[in-house]
Amino acid sequence: MGSPGLSNLATATRVGLSEPISTGGPTEFDVIKTRELEKFLVDAGLYESHEEAIRREEVLGRLDQIVKKWVKNISRVKGFNEQLVQEANAKIFTFGSYRLGVHGPGADIDTLCVGPQHASRNEDFFGELHRMLAEMPEVQELHPVPDAHVPVMRFKFSGVSIDLLYANVALWVIPEDLDISQESILQNVDEQTVRSLNGCRVTDQILRLVPNIQTFRTTLRCMRLWAKRRGVYSNVTGFLGGINWALLVARICQLYPNALPSMLVSRFFRLYNLWRWPNPVMLCPIQEGSLGLPFWDPRRNYKDRLHLMPIITPAYPCMNSSYNVSTSTLRVMMEEFQRGNEICEAIEASKRSWDSLFEPFAFFEAYKNYLQMDIASETEDDSRNWKGWVESRIRLLTLKIERDTSGVLQCHPHPGEFSDKSKPPFHHSYFMGLRRKQGTNPQEGEQFDIRLTVEDFKFDVYAYAFWKPTMWIHICHVKKKDIPNFVFPGGVRPSHSTKSTKLRGSNSPQAGMSRKKRKQDEINRGVSLTDSSSTAVSGSDASLVDETRAKRQFKADVVDTLSNVRCPENLSEHGPEDAGIVESTSPTRPSSAAYGSSLSTSTMEKPLIEQSLQPIISHQGSLDLLDGLGGVQLKSEVQDNDMDQEIKPSEFTTEQALGAATEEEGSSSFSKIQQNLDLEELEPLELTASTAVASTSTHVPAQKPLIRFSFTSLAKATSNSA
């Protein structure tokens, strides 16, 4: 857990795509702040006990013995001679948070069983091995999922949660020293095996590409805790998962190889607050490889150009690990990066403590309007299957709302679930915050009806292959004041507080004045914030003054302007199939420039930002992929040596170099709403043609109650909410 001291510095060799921003060592202030941060992590209970660590190792050792016995049994059954039976072998690998060394108490262990080519997945792994595990008293809650995009067997072994994948590679005998990081391990295997191997290969590559593993682990623990408390840790709902946060932290470690965790956390927010998405975050150059496997390449794959927040895995085949991110969830994360940057600046100035950075996000105080999604089933097994299916589809509702409303309402899905103990078991509720996209001018009487959008979503959900009549879903609209009490800790609604919502944009007089000033500036300039999104990827030579103004405008207008929601009927009186559905709208691709915030000015460093927006692809000679700061140079990152450092754009000089879209192509492609995204773990997810029409209810069936959002002017909305 301890961090390196002043004398334990990483080597100055380059790690990653570009030169480090700073290779200076930590100051005494950094050491003090890091100790405070580490104490905070210990007090937060992020570290498991020594006894639990030993129990995990024992479970993994026992599991390894089981799979070795399993592969010998099936080899004997398949008629192999005794010598081949004795040589038959299988091996257990770990990946994810456990392999990275950032798991906490009670966390599950992601494991991979690598077996020989004659040990099949369906018949042997999900057949014979499943039978062996089911007969063991120490194995509980055994749940195979053979039809998943990445087939998995989930269970508890002596109280330790295990997710077990399987990869049968093209080898007759699995050696104990098998190196799965080699590209040859992917030869002559099916797609499911490639996906199953990918987790281990990516995890190991991350650990190879960071300059200081212990510092990386402490920093990653911080960011995982922060993301969970701020509600942005969930790959399945469109935010970022564990591997995404690991890749983002690893890139910061590369840029500051000798920094301690306190400084790395601060620089994390500073850099990603300025990052110009959709420029990708990468730890190393992308290689095409020799096996012909598909990899992330927006030059060739149109679908890759639609990815909003590319975070590329470092192991072949390199893929975008954050394909689930939508315009709505990107907006939420960028606001959180801005908040984190502001708090870290205050911490560096000794005006705030680490507690303020990790303060939980008050989700049910942040918005005026919400969607509530209730699901239920009758048995535990049905509930587990139905809940998993619905959770994997929640982001589809966000995408459909974005598509059908042209990006006017923004959706903020809550990453967790809630259960009302007063209702029968196996009943779960999910919530999604709604607000109008900033920078749009509400018109008097403007209404958006997305009943058909939600009905379309429900139709997709009910298309579940294993659906039963006892499985149902109900979606309705609730205002903030009507949020059910069971979502709050202890079932008690807290007293009204604006402490958390102020961080996203308060209703204070100062904020109101800032919004008025922003609106007037837009009128004077003749553009809105939505116009600047294409600028960030088009390569125009906008000035730093314009970008700073856009940042201030974005910062000022984050208040929820949804108001006057008309609900003619009482939804609670209708059953799950008959109730009318609420509608909302979501954002077009966020403006990259608008997401940034001004850099801090500290006594140790004073970065000078020079804006040079350029095309993502340079057509002069070889393809050049700019770093996510897109030509922004952070100069005078002064440490003890007072030497200036600057970010240098990484260059790909080979034909395999990865580019994004051209200036003309990128500005149009990235402004489109994602209509073809991948589901969890690269599973295809298609959005069909729009079935809901904004601002109309002509074709709505008469038996459905009309539930519409009515948008008024900002001033009227403010007065109504007062």
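The structure is a predicted model, in which local features need pLDDT of at least 70, side-chain atom pairs count only at pLDDT 80 or more, and totals for chains, interfaces and linings use all residues. Residues are numbered from 1 along each chain as its sequence is written, and side-chain values use heavy atoms, with hydrogens and water left out.

The mean pLDDT (the predictor's confidence in each residue, from 0 to 100) is 74 for the protein, and 66% of its residues reach 70 or more. Over residues 2-8, pLDDT stays under 50, and the model has 14 contacts (heavy atoms within 4.5 Å) beyond four places in sequence for this stretch. Residues 497-626 also stay under 50 in pLDDT; for them the model has 329 contacts beyond four places in sequence.

Helices (H or I, at least four residues) and strands (E, at least two) are DSSP runs, numbered from the N terminus. Two strands pair if DSSP finds at least two bridges between them. An open sheet is formed by five strands in the order β1-β2-β5-β4-β3, with mixed pairing. Its edge strands, each pairing on one side only, are β1 (91-95) and β3 (139-145). From one strand to the next, the twist averages 25°; axes are lines fitted to C-alpha atoms, for helices over the stretch in contact, and angles run from 0 to 180 degrees between N-to-C directions. Strand β3 is joined to β4 (residues 152-157) by five bridges, and the two run antiparallel. Phenylalanine 157 in β4 stands opposite valine 139. Helix α6 lies across β1, β2 (109-115) and β5, at about 120° to β5.

Leucine 186 is found in the loop between β5 (160-168) and α6 (191-209). With a relative accessible area of 4%, leucine 186 is buried (under 20%; exposed is over 50%, partly exposed in between, with a 1.4 Å probe and protein chains only). Residues touched by leucine 186 include Val194, Leu197, Arg201 and Tyr316, not counting residues up to four places away in sequence. The C-alpha atoms of leucine 186 and leucine 197 are 8.3 Å apart, and the two are eleven residues apart in sequence.

Another open sheet has four strands in the order β7-β8-β6-β10, with antiparallel pairing. The edge strands are β7 (409-413) and β10 (472-479). Five bridges link β7 with the antiparallel strand β8 (residues 427-436), where arginine 435 is the bridge partner of glutamine 410. Helix α11 (residues 327-348) packs on this sheet and touches β7 and β8, its direction making about 70° with that of β7. Helix α14 (residues 380-404) lies across β6 (369-376), β7, β8 and β10, running at about 150° to β6.
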